[in-house]
Amino acid sequence: MNGLPPTARESSGVLPEALRTEQHRLTRLYDRLDTVRERARRTAAGAHDAAAPDGTHQARLEREVRAREATRHAARLDAVERGLCFGRLDERDGTVRYIGRTGLTDDAYEPLLLDWRTPAARPFYTATPAAPGTVVRRRHLHTRGRTLTGLDDEALDLARLDDSGRRGLVGEAALLAALDRERTGRMGSAVATIQAEQDRVIRSPLRGALVVQGGPGTGKTLAALHRAAYLLFTHRAALERRGVLLIGPNPGFLRYIDEVLPALGETEVLLRTVGELYPGVTAAGTDAPATAVAKGGPWMAGVLRRALAAHQSAPAEGLDLGEGLTVSARACAQARDAARGLRVPHNRARAFYLRTLLDALAIAQALSLGRPYDEEEAHYAPRWPGAPSCAASRPARSPSSATSPRPAPRRGPAVGPRCSTHTCPAAGARNA
């Protein structure tokens with residue numbers, strides 16, 4: 001490709017010089033990894049050491065959050081120890097970028113290593129000789145532990161490489177090297193050899209379902225695992241709150257893939273089989289073939305939908321929440337009907353149902369204490385669509401009444417009145 005066969009370039013000292021240069025860079029990256037990891041561990045330990053029993057609740061909470069985040073950060077850095085840096089991009093303007101399993105910066109926040117999931121690292125997977133973009137050379141780095149063992153270069157824009165750049169090309173095809181590596185019986189991360197088609201799957205937008213089809217051995221599972229790591233990197237704030245669940249067909253499959261995500265720096269993805277989805281229960285039985293066919297048929301969706309609707313029943317005798325707070329059966333039924341009327345999935349409707357009951361309790365509690373449920377309180381309370389404020393039909397307190405002592409709670413039912421244009425669930429909630 002550059003006028004010299006690999007053996008000639010190696011014997012001329014090109015490869016040893018390139019190895020020395022890249023080893024120096026790799027050592028610097030691992031030194032930085034050690035520094036950042038040690039800093040995270042000290043932060044976690046310091047947060048616990050600073051805990052004082054006489055501190056405020058807010059201060060204790062902040063320390064716990066700081067310690068937890070630092071511990072998780074250290075765990076992610078531990079996970080990327082193997083194969084920290086695996087690639088390099090040389091661009092037309094002379095910019096050199098190193099690609100790895102996580103991102104690292106120096107003390108001035110200048111990038112030393114780009115996380116493979118960042119937009120700036122994407123050309124490592126998508127640039128081709130036909131469409132190189134701004135990339136003139138892609139270099140693959142092969143390591144064992146913290147030692148560089150080999151290099152493979154791809155000249156993507158040979159016309160823009162000067163003589164020294166052409167003489168500096170080393171190695172064989174990276175994909176051939178990957179195919180020749182030792183097999184371990186476990187699926188490994190392929191972050192260094194992701195192909196352009198897989199990259200499009202991995203970086204697809206989060207919204208909606210993504211279906212990937214392909215024959216056996218085409219990399220569907222590997223692309224799905226790398227996609228999980230990419231989405232956690234790109235949408236971490238949202239996905240860490242909700243969690244990420246990876247479902248496999250059987251325990252053997254999960255054991256086969258369980259090292260991929262930790263190797264990509266993601267250690268908190270939950271792996272389960274279908275029979276383990278309900279917490280604390282593991283399905284060990286096997287259905288008869290006819291039963292399995294029936295359960296897997298499209299009509300089961302209707303069966304499950306009717307079964308779910310049957311469980312959306314309001315308590316016949318209402319709810320007793322303790323501390324004198326009760327919700328009547330009528331209020332529960334109204335909240336259930338309002339949730340059903342939203343025409344949204346069950347879990348979203350259930351959350352709305354609970355918020356509606358809490359709203360009713362807040363109104364009833366305010367009335368039982370002789371406090372109108374005013375507009376300011378209504379602003380922070382959850383409300384169902386189109387419902388006017390219950391405070392709209394009640395007069396606001398005068399300044400004198402606002403500063404007067406509150407009356408003691410009444411001992412009878414404090415049933416909220418009907419609002420002017422709708423029936424408020426508070427009409428069925430009371431403070432006994």
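The expected span of a helix is taken as 1.5 Å times one less than its number of residues, and helices (H or I, at least four residues) and strands (E, at least two) are DSSP runs numbered from the N terminus. The structure is a predicted model, in which local features require pLDDT of at least 70 and side-chain atom pairs count only at pLDDT 80 or more, whereas totals for chains, interfaces and linings use all residues. Residues are numbered from 1 along each chain as its sequence is written, and side-chain values use heavy atoms, with hydrogens and water left out.

Confidence was examined through pLDDT, the predictor's confidence in each residue, from 0 to 100. The protein chain has a mean pLDDT of 76, with 73% of its residues at 70 or more. Confidence is highest in strand β4 (residues 111-115), at 95, and lowest in helix α17 (residues 399-403), at a mean of 35. Values stay under 50 over residues 384-432, for which the model has 89 contacts (heavy atoms within 4.5 Å) beyond four places in sequence. Residues 1-11 likewise stay under 50, with 16 such contacts. Where pLDDT is low, the predicted coordinates should not be read in detail.

Six strands form an open sheet of mixed pairing in the order β3-β4-β2-β1-β5-β6, two strands being paired if DSSP finds at least two bridges between them. Strands β3 (104-105) and β6 (147-155) are the edges, each pairing on one side only. Strands β1 (residues 85-91) and β2 (residues 96-100) run antiparallel and are joined by five bridges; D90 stands opposite V96 in β2.

Helix α8 (residues 220-234) has 15 residues and should span 21 Å, which agrees with the 21 Å between its end C-alpha atoms. Its buried residues (under 20% relative accessible area, with exposed over 50% and partly exposed in between; 1.4 Å probe, protein chains only) include L222, L225 and Y230. The buried residues of α8 pack against α7 (196-202), α9 (236-242), β7 (245-248), α10 (251-257) and α11 (260-263).

In helix α3 (residues 57-79) lies R72, which counts as buried because its relative accessibility is 16%. The R72 side chain makes a polar contact with that of E69 at 3.2 Å; such a contact is a pair of N or O atoms within 3.5 Å, where within protein one must be able to donate a hydrogen and the other to accept it, and residues adjacent in sequence count only if both atoms are side-chain atoms. Beyond residues up to four places away in sequence, R72 touches E240 and E268.
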